[in-house]
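Dear colleague,

My notes on it follow directly after.

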Amino acid sequence: MKRIAMAMIAVSLSLLANEGAFEKEGFLTTQACAEQGSFKDCYMENYVCGSDGCFRTTEAGVDKKTPLVLYSHDDGIIYKLDTSNVPREAFDVGISRNGVAVTGEYDSSSHTIVVHEFKAPPPPKKSFFKGCL
């Protein structure tokens with residue numbers, strides 16, 4: 001009887017711990033690229049200094065920590081990401097990729113997700129073209 005009670009308590013505690021978790025999947029990019037709708041065509045300098053052509057005015061090696069967003073294809077909403085809990089370098093794997101999963105706390109007034117966990121899909125497989133053109 002004690003084992004059943006302990007198991008029930010453990011299950012209820014795990015449910016309470018996951019109650020505030022918000023998980024969303026989408027395309028990881030910058031605010032400017034998501035608003036323009038240029039997802040795969042977004043220049044890489046957008047991730048470093050924030051806009052197209054900004055490398056001309058930004059000193060080399062300076063990272064301005066451009067805010068990242070997650071565009072959800074399911075509901076068409078651009079979710080701002082608060083990445084203060086996860087190192088910025090962890091997001092490099094998922095930049096400009098679809099199928100990125102973000103878990104955290106959601107603020108519906110500003111459409112902001114405070115990121116606690118980040119998962120990127122595996123990289124695409126290498127292919128070799130055989131045949132003639």
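How many salt bridges does the structure hold? There are two, and please bear in mind that they come from a predicted model.

In one of them, the side chains of K24 and D75 meet at 3.2 Å, N to O. This pair links distant parts of the chain, 51 residues apart: K24 belongs to strand β1 (residues 22-30), while D75 sits in the loop between β2 (68-71) and β3. K24 counts as buried because its relative accessibility is 17%, under the 20% cut-off. D75, with a relative accessible area of 34%, is partly exposed.

The other salt bridge is formed by the side chains of E117 and K119, at 3.5 Å from N to O. E117 is partly exposed at 39% relative accessibility, and K119 is likewise partly exposed, at 48%.

I turn next to the strands. Strand β5 (residues 112-119) runs parallel to strand β3 (residues 78-82), and three bridges join them. On this side, I113 in β5 is the bridge partner of L81. Strand β4 (residues 97-107) runs antiparallel to β5, to which seven bridges join it. Here V114 in β5 is the bridge partner of E105. β4 and β5 form a hairpin with four residues between them, and H111 in the turn has a positive phi of about 55 degrees.

The aromatic residues also deserve a note. The count of aromatic pairs comes to four. One of them is F22 with Y106, whose ring centres lie 4.5 Å apart; the planes stand at 15 degrees, so the pair is stacked. Since F22 lies in strand β1 and Y106 in strand β4, this pair ties together parts that are 84 residues apart in sequence.

Y79 lies in strand β3, so its pairing with Y106 in strand β4 ties together parts 27 residues apart in sequence. Y79 is buried, with a relative accessible area of 3%. F22, Y79 and Y106 form one aromatic cluster.

With kind regards

How values were computed. Residues numbered from 1 in each chain as written. Predicted model: local features only at pLDDT ≥ 70, side-chain atom pairs only at ≥ 80, totals over all residues. Heavy atoms only, no water. Pairing = 2+ DSSP bridges. Helix = DSSP H or I, 4+ residues; strand = E, 2+ residues; numbered from the N terminus. Salt bridge = Lys/Arg side-chain N within 4 Å of Asp/Glu carboxyl O. Buried < 20%, exposed > 50% of the residue type's maximum accessible area, 1.4 Å probe, protein only. Phe/Tyr/Trp six-rings, centres within 6.5 Å; stacked < 30°, edge-to-face > 60°.
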